[in-house]
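This report looks at a metal site and at a pocket. Please keep the sequence and the model at hand while reading.

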Amino acid sequence: MIVRDGPQVTQAMIEVEAIPTLRDNYVWALHDGNHAVLVDPGESAPIVTWLSSRGLHLAAILVTHHHADHVGGIAGLLARHDAPVFGPTRGTAPSRSVADGDILELPGLDASVTVISTPGHTLDHVCYVGEGRLFCGDTLFSCGCGRLFEGSPAQMHASLERLAALPGDTRVYCAHEYTLANIAFALEVEPDNAALRERRREALALRKAGLPTLPVSLARERDCNPFLRCGEASIRVAASQHAGCPVTAGVETFAVIRAWKDEE
Ligand code: ZN
Ligand code: FE
């Protein structure tokens, strides 16, 4: 909290930075220049370095699901820092297990997030939304979505519909840099989507400059991401052609294009 002259109190600005880890994971770090909250630390070494180079105090860890590339760094971080872990129970032994609808006051930061349960990639997967930001782990990727390791197409489709219903200016922070590969597939499904081609140009330029393609606005994802567009005729027709039989809009279309992407 920064107290300025006079009666007005201005809240410290919260910044969100990407810490690249493992092959293509991002650990998202929310910080106010003093305290940091991390999302999905898959390894500890680069994060320990990042925290100390900025002189930040680890205030909390948020976990979206139990996969090793999202939780593998927790033990190493807790060996050096005393911080609570918020997440689903399985595989992580969180200090506070979370459930759909929980509102979490982020320790150290003047901010809160709401938990959204999003089964599909795994059954325990949760997302965190607050202050116009969505931390969606492996549920939603830019122009793609997570593989269905545990949930059904119906579960994942419902989870994605919940995320898609958030305000269009929500900034989406995915856990992997998969954007260009996802766009290549999305253009197979929807070659005439001008917004998607524009997103491809932008993503290519960002990657060439060594920058993340994230965050991205939810409005752009609704325009570009085939997995959020299963109600559109263009996607349904492509899915029907791929399946070799007519499929209905919504879950059926989602199931066909998710399986189609798995074949690639
Ligand atoms: Zn995962
Ligand atoms: Fe992952």
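This is a predicted model: local features need pLDDT of at least 70, side-chain atom pairs count only at pLDDT 80 or more; totals for chains, interfaces and linings use all residues.

Residues are numbered from 1 along each chain as its sequence is written, chains are lettered from A and ligands numbered from 1 in written order, and side-chain values use heavy atoms, without hydrogens and water.

The zinc ion (ligand 1) is coordinated at 2.2 to 2.3 Å by H65 (NE2), H67 (ND1), H121 (NE2) and D138 (OD), where donors are N, O and S atoms within 2.8 Å of the metal (3.2 Å for Na, K and Ca) and, with water not among the atoms, sites may look incomplete. Along the chain these donors follow the spacing H-x1-H-x53-H-x16-D. D138 also coordinates the iron ion (ligand 2), which is 3.3 Å from the zinc ion (ligand 1).

The largest pocket holds about 270 Å³ of space. Of its 15 lining residues, C145, R147, Y178, R258 and K261 are the closest to its centre, a pocket being an open set of points on a 1 Å grid over the protein atoms alone where a 1.4 Å probe fits, with protein on both sides within 12 Å along at least five of seven lines, and lining residues having an atom within 4 Å of a point.

Conventions
Grid points are joined across faces, edges and corners, and a volume is the space filled by probe spheres set on the points.
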